[in-house]
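Here are a few notes to go with the model, jotted down as I went through the helix packing and the aromatic rings. Have the structure open while you read.

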Amino acid sequence: LERLRNHNYITHLVVARRTLVNEVGGFRAGTDGAQDHDLLLRLAERVGYVHHVPEILLHWRQAPASVASDVANKPAAFEREIDVVAAHLDRCGIAADVEPGEYPGLVRIRRHLEGRPTVSVIVPTCGARARVWGVERVLVHDAVASVLADADLDGRYELEIVAIVDRGTDPVVERGLRRLARERLRIVEYAEPFNFADKINVGVAASSGEYVLFLNDDTELIAAGSVAEMVGIAQQDDVGMVGAKLLFADGTLQHGGHLYHGTISHVLFGWPGDHPGPHRLLAVERECAGVTAAAALVRREVFNRIGGMNTDFAVNYNDVEFSLALRSAGYRIVWTPHACWFHFEQQSFDHPVADAEIRALERRWGDDMRTDPFSNPNLAPGRTDWLELPLRSGAPPYERLADGRISWG
């Protein structure tokens, strides 16, 4: 549903019950150019779920006068996209401004925040230092400074910083945090052996906000308004968690949502950070199987209902397990490209994956780890780069080059 609000990715070949189409009023006058998107949104409001048949059942003819050939052919169609999405959000009780997206055919939704909520940032830290872009940093200082600056600039929400600090951490770290956050800071000393999930649980218990933002200490916020974007999506009752776009220090993509297809990976890992992705995958808000807790936002009531993070996963996969628990409870998980951080991953500590962690995850969620409802069985398993399995697209398996040589796909 979230992706459908951003663009019509379902398009033309759809089968629906006649009674349901009649109930919602069929195609509406005044929506020409966006009439199928409008109907799909109204159907989705009723059924909540659309089943995908993963077979090639249609080859799309691109007529010279169609939008598929040239987006300039029907400029009014994009104006109507905005109108039908705005009407859909109004019917759903979602207050938002709707405007053209970054690319043709995409819609940009800017949700209004309800009241002035408090967001508690839960940031575990041992006060690690590292060189980033040639400069020595106390990582947590820059992570906290960047979210504080965004909150002050945005002004639509209150911010609380809850730092879970390992016992024995250099006192300079705590002094720096107090100087940065002042009355918005809560320090929680953590004296137990390292357990990221437990640290998050302890931090949430010590916080007071309606929303909690899990944040790694080796991050730096990039996009202004990121936290408000995430809160706006998380306001929906059926949304369990909202994840952000994360970039490595060199600008390549680290996180575009989790992908569970026998292995655990990140969607389009390593792609250029400004690339829209196949079919604009990285340019729209969309549901996904899970998101990383390096920068993820949850309503407190949802966190409490799930029972917090599973402390059996002390180092790795705690966010994967939490994501799967959320979806098992009926919540959607949404990733947004409009919230973005740098993630200087593994700068703060080394975290090798233990076999026991993999076995524990497999015992608890084995079937769910092999079938990702937001991926496609025609894509090669174990990869993140949208590689099709051979001979699945309906296209010829090879291309004959001008010099007569054959290039295999």
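1. Start with V140, H141, V144, A145 and L148 of α5, which meet V172, V173, G176, L177, L180 and A181 of α6. Sorted by class, that contact comes out at 9 nonpolar, 2 polar and no charged residues. Keep in mind that this is a predicted model.

2. How do those two helices sit against each other? Helix α5 covers residues 139-154 and helix α6 covers residues 171-181; their axes are 10 Å apart and the packing angle is about 10°. An angle under 35 degrees counts as roughly parallel, and that makes α5 roughly parallel to α6.

3. Next, have a look at helix α3 (residues 35-47) and helix α4 (residues 75-91). Their axes come within 9 Å and cross at roughly 15°, so α3 and α4 are roughly parallel to each other too. The crossing of α3 past α4 is right-handed.

4. Which residues make the contact between α3 and α4? On the α3 side they are H37, D38, L41, R42 and E45, and on the α4 side E81, V84, V85, H88 and R91. By class, this contact has 3 nonpolar, 2 polar and 5 charged residues.

5. On to the rings. The whole structure holds 7 aromatic pairs. One of them is W133 with F342, an edge-to-face pair with 5.0 Å centre to centre and 80° between the planes. W133 sits in the loop between β4 (129-132) and β5 (135-138), while F342 belongs to strand β16 (residues 332-343), so the pair ties together parts that are 209 residues apart in sequence.

6. Are the two partners buried or exposed? W133 is partly exposed, at 47% relative accessible area, whereas F342 has 17% relative accessibility and therefore counts as buried. The cut-off for buried is under 20%.

7. F342 also pairs with F344, and this pair is stacked: 6.1 Å centre to centre, with 15° between the planes. F342 and F344 are both buried.

8. Last one: N201, which you'll find in helix α7 (residues 196-205). With a relative accessible area of 18%, N201 is buried. What does N201 touch, leaving aside residues up to four places away in sequence? The contacts are F303, G308, M309 and T311.

Note on methods. Residues numbered from 1 in each chain as written. Predicted model: local features only at pLDDT ≥ 70, side-chain atom pairs only at ≥ 80, totals over all residues. Heavy atoms only, no water. Axes fitted to C-alpha atoms, helices over the stretch in contact; angles between N-to-C directions. Helix = DSSP H or I, 4+ residues; strand = E, 2+ residues; numbered from the N terminus. Parallel < 35°, antiparallel > 145°, perpendicular 65-115°, else oblique. Left-handed = near helix turned anticlockwise from the far one by under 90°. Contact = heavy atoms within 4.5 Å. Nonpolar A, V, L, I, M, F, W, Y, C, P; charged D, E, K, R; others polar. Buried < 20%, exposed > 50% of the residue type's maximum accessible area, 1.4 Å probe, protein only. Phe/Tyr/Trp six-rings, centres within 6.5 Å; stacked < 30°, edge-to-face > 60°.
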